[in-house]
Amino acid sequence: LGAAVVSAPLTARFVTVPKQDMPGALGFIADHEATDATVAAIFIASKPARYYADQLAPGQTLVDARSTDAPDAARAASERPVIAVSTFHRALAAAEPTLDQALRRDFEEIAHFPGTVGDGAVTVWRERVTPSEAVPPR
């Protein structure tokens, strides 16, 4: 009985917080970003983002961004600032440090979705733009 009492708060967390909330992150993008937004799934985030891509709004485009030139390709495909989604940030920093640095330099964090998988939180980023680059809302 004592073990059940001690583990109840932990069990409640695992029941209420998903292992990795990619559907929540993409739903956030669908609700808060332009309907023609380009969404770059960074490195390891590309596979779960593809799986849950139906959570994006119609007209929002998901692109894989597994290398440092991928955000540039995403920028070329859109007049609007690119939205990025990432996860497993330690793995990204270790395997692709240049991509990790570019993400942190060129994007600002706008939402964070915790998960129960170690380092599996999902982060949503918006590309930083200068006022002269800003595109008015449609």
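Colleague: Which side chain does the side chain of glutamate 33 join in a polar contact?

Modeller: The side chain of glutamate 33 is joined to that of arginine 126 by a polar contact of 2.5 Å; a polar contact here is a pair of N or O atoms within 3.5 Å, where within protein one must be able to donate a hydrogen and the other to accept it, and residues adjacent in sequence count only if both atoms are side-chain atoms. Please keep in mind that this is a predicted model, in which local features need pLDDT of at least 70 and side-chain atom pairs count only at pLDDT 80 or more, while totals for chains, interfaces and linings use all residues. Residues are numbered from 1 along each chain as its sequence is written, and side-chain values use heavy atoms, with hydrogens and water left out.

Colleague: Is glutamate 33 buried or exposed?

Modeller: Glutamate 33 has a relative accessible area of 13% and is therefore buried, given that buried means under 20% relative accessible area, exposed over 50% and partly exposed in between, with a 1.4 Å probe and protein chains only.

Colleague: Where is glutamate 33 placed, and what is glutamate 33 in contact with?

Modeller: Glutamate 33 sits in the loop between helix H2 (22-32) and strand S1 (38-42), where helices (H or I, at least four residues) and strands (E, at least two) are DSSP runs numbered from the N terminus. Neighbours within four places in sequence aside, glutamate 33 is in contact (heavy atoms within 4.5 Å) with Phe28, Gln60, Ile83, Ile110 and Arg126.

Colleague: Let's turn to the sheet. What is the order of the strands?

Modeller: The open sheet has 5 strands in the order S2-S1-S3-S5-S4, with mixed pairing; two strands pair if DSSP finds at least two bridges between them. Strand S2 (61-65) and strand S4 (107-113) each have a single partner strand, so they stand at the edges with one side left without a neighbour in the sheet. S1 and S2 pair in the parallel sense over 5 bridges, and isoleucine 42 has alanine 65 in S2 as its bridge partner.

Colleague: Back to H2, then. Which residues of H2 are buried, and what covers them?

Modeller: The buried residues of H2 are Met22, Ala25, Leu26, Gly27, Phe28, Ile29 and Ala30, and what covers them includes S1, helix H3 (46-51), S3, S4 and S5. At the N-terminal end, aspartate 21 caps H2, with a side-chain oxygen 2.8 Å from the backbone nitrogen of glycine 24.

Colleague: How many residues are in the largest nonpolar core, and which element gives the most to this core?

Modeller: The largest nonpolar core has 18 residues, and those with the most contacts inside it are Met22, Ile29, Val39, Val85, Phe113 and Val124; such a core is a set of buried Ala, Val, Leu, Ile, Met, Phe, Trp, Tyr and Cys residues joined through side-chain atoms within 4.5 Å. H2 gives the most to this core, with 5 residues. A second, separate core of 11 residues includes Ile42, Ala84, Leu92 and Leu99.

Colleague: And how many aromatic pairs does the structure hold?

Modeller: The structure holds 2 aromatic pairs, where rings of Phe, Tyr and Trp (its six-membered ring) pair if their centres lie within 6.5 Å, and planes under 30 degrees apart count as stacked, over 60 as edge-to-face and the rest as tilted. Phenylalanine 28 and phenylalanine 113 form an edge-to-face pair, at 6.0 Å centre to centre with 65° between the planes. Phenylalanine 28 lies in helix H2 and phenylalanine 113 in strand S4, so this pair ties together parts that are 85 residues apart in sequence.
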